[in-house]
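Welcome, and thanks for taking a look at this protein with me. Let us walk through it step by step, from the overall picture down to single residues.

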Amino acid sequence: MKLPILILLFLIIHTNYCECRTTSWFPNVLDTISNKTAQITNYVKDKGRSIKHFYVENVQNKIGGYFGFGSNSTQDEVTNKETRIKRKFIDIISDAQDKDTEIFDSIAPPEIEYKCVNDDPSVQMTTPQLIALHGYPAESHTVVTEDGYILTLHRIPFPKNSLTKSLRKTVLLHHGLLGSSADWIIPGPEKGLGYILSEAQYDVWLANVRGNTYSRAHVSRDTGSFEFWNFTFHEVSQYDLPAVIDYIMETKGWDTKINYIGHSMGTSVLFALLSTKTQYNKVLRAGFALAPVAFMTDIKSPIHLLARFSNNIEYLMKLLGANEFLPHNAVLRWLSKHACEINHYEEVICENSLFVLCGHDESQFNKSLLPIILGHTPAGASTKTLVHYAQEIRHEGKFQQFDYGPDGNIKQYGTILPPEYPLHKITLPIALFSAQNDWLASDVDVTNLYVQLSNPIVHYIVPLKEFNHIDFLWAIDAPTLVYRKLLQLLEEGVSFIDPNTSVDLNVISV
């Protein structure tokens, strides 16, 4: 560092000396050095200001603008990722209201095409084919609802290699949003709940709601029409589930007692049915709700970003697809880019609408199941159902029917506000199973539901903090963490429950 300075000083002195060649050269040298130093200082300051200006204009402001905060924002605002994402999403939605929705394509990642390299033919098999592949008897039944939807009901009537062909113990499994009957058997024998219940001597029935892969038909409506897709979980609870329950009882006998196990939307459907058509409280034996969804006040799922716009039904359905919820539209890709917390090598999971909405637990996910999961999920759902759930989030603390707005509600219900489901009318013994890392059914909301039920059995919290919404179906340790307790309650936990007796409302974790 010293050598360049000495050389520079020598050159300055030498230059001035040569120019002056007088005995008064020394004061001139000092003046020259002072002037050069000032020039260098000013140059550095100017460049510094230019660099700062460039940074502010081209880096800080652009990044700040993207994430929704300015250069004067507080540190808390800068570091709050969720706030930034929400603000940006709202800004984009606002801009999109006057533009084509393709605006999302400019900020969403391109669609990921997953090329299945698994040569196993089971990847492309249907639910009955998968069941038969593993040596179990498989049946398909057709059920027509009162409003004309044609549903397919799958069944494992008895265990593999069983000598008993007629089982009295009966269980109905009901999948969640975007799911199907395949959800319960995808993990295979010893892991899939459908097989585990069969080996426990249960006659296993697997439901499929209107609009999914196995129930995409109607007696008069075209499957591509708005009329076909104009339903939410409410219609499923009023038509699909009663038709399925009645069909099972017609098949097995009217004295049959059915145990109901639902996951996610499958629990919403149960609560809506039992609180409105109360006679089914006496038809069923007990209910078991895995990741129960009724109240939605504490939501981690990116679906909460859509809740703000749930009062603008027409616009929200335009964004998500007017009829069937589109699993790869630009809005979903935006959500997957900004809200799906998974590793880069599992991007294909993040592109799947089920994982985007429900979350993902890497430690409990069996990656070998990915090809077959992608072959069956998403199985289809109406956009109106997703809007209904967005409304539940917006109207915190309420579990109610679809909100059509004041005018629409008066026309539909005769009241300005949509009716709330009267949960106090549910007398069926019900056990709730929740997880601490559930994006859609938080401990707070499940506990709120538990205390409002007239005849709860137990609120079981899975003893693993990372356990999430989808883990109830496919987690590696689901058999030990969840199904063992479920089987215990099926066998012992409801036979002594009397709806007229008081129940100790204790939340337990076993």
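Of the 510 residues in the protein, 52% are buried; here buried means under 20% relative accessible area, exposed means over 50%, and partly exposed lies in between, using a 1.4 Å probe and protein chains only. Please keep in mind that this is a predicted model, in which local features need pLDDT of at least 70, side-chain atom pairs count only at pLDDT 80 or more, and totals for chains, interfaces and linings use all residues. Residues are numbered from 1 along each chain as its sequence is written, and side-chain values use heavy atoms, with hydrogens and water left out.

The protein has 21 helices and 9 strands. These are DSSP runs, numbered from the N terminus: helices are H or I over at least four residues, and strands are E over at least two. Contacts tell us how the chain comes together, and a contact means heavy atoms within 4.5 Å. Among the contacts with a separation of 6 or more, 73% are between residues 24 or more positions apart.

Now let us look at a pair of helices. Two packed helices are described by the angle between their axes and the distance between the axes. Helix α8 (residues 233–252) and helix α9 (residues 265–276) have axes that come within 8 Å and cross at roughly 80°. The axes are lines fitted to C-alpha atoms, for helices over the stretch in contact, and angles run from 0 to 180 degrees between N-to-C directions. On the α8 side, the contact is made by F233, V236, S237, Q238, L241, P242 and I245; on the α9 side, by M265, S268, V269, L270, A272, L273 and T276. What classes of residue are in this contact? There are 10 nonpolar, 4 polar and no charged residues. In this scheme Ala, Val, Leu, Ile, Met, Phe, Trp, Tyr, Cys and Pro count as nonpolar, Asp, Glu, Lys and Arg as charged, and the others, Gly among them, as polar.

Phi of S264 is near 55°, a positive value in a residue other than glycine. Most residues other than glycine have a negative phi, and most peptide bonds are trans. S264 is buried, at 8% relative accessibility. N161 also has a positive phi, of about 60°, although it is not a glycine. N161 is in the loop between β2 (150–156) and β3 (170–174) and is exposed, with a relative accessible area of 74%. For a cis peptide bond, go to T377 and P378, which are joined by one with omega of about 0°; P378 is in the loop between α16 (370–376) and α17 (383–394).

Aromatic rings are our next stop. Rings of Phe, Tyr and Trp (its six-membered ring) pair if their centres lie within 6.5 Å, and planes under 30 degrees apart count as stacked, over 60 as edge-to-face and the rest as tilted. By this rule there are 14 aromatic pairs. One of them joins F467 and F472 edge-to-face, at 5.2 Å centre to centre with 85° between the planes. F467 is buried, with a relative accessible area of 0%, and F472 counts as buried at 0% as well. Y149, F228, W229 and F231 form one aromatic cluster.

Rings can also meet charges: a charge sits over a ring if NZ of Lys or CZ of Arg is within 6 Å of the ring centre and within 35 degrees of the ring normal. K169 lies over the face of Y202, at 4.3 Å from the ring centre. The charged end of K277 sits over the ring of Y239, 6.0 Å from its centre.

Finally, visit Y136, in the loop between α5 (127–133) and β1 (139–144). Is Y136 buried or exposed? At 6% relative accessibility, Y136 counts as buried. Beyond its neighbours within four places in sequence, Y136 is in contact with residues including I131, I156, F158, P189 and Y195. K160 is 24 residues from Y136 along the chain, and their C-alpha atoms are separated by 4.7 Å.
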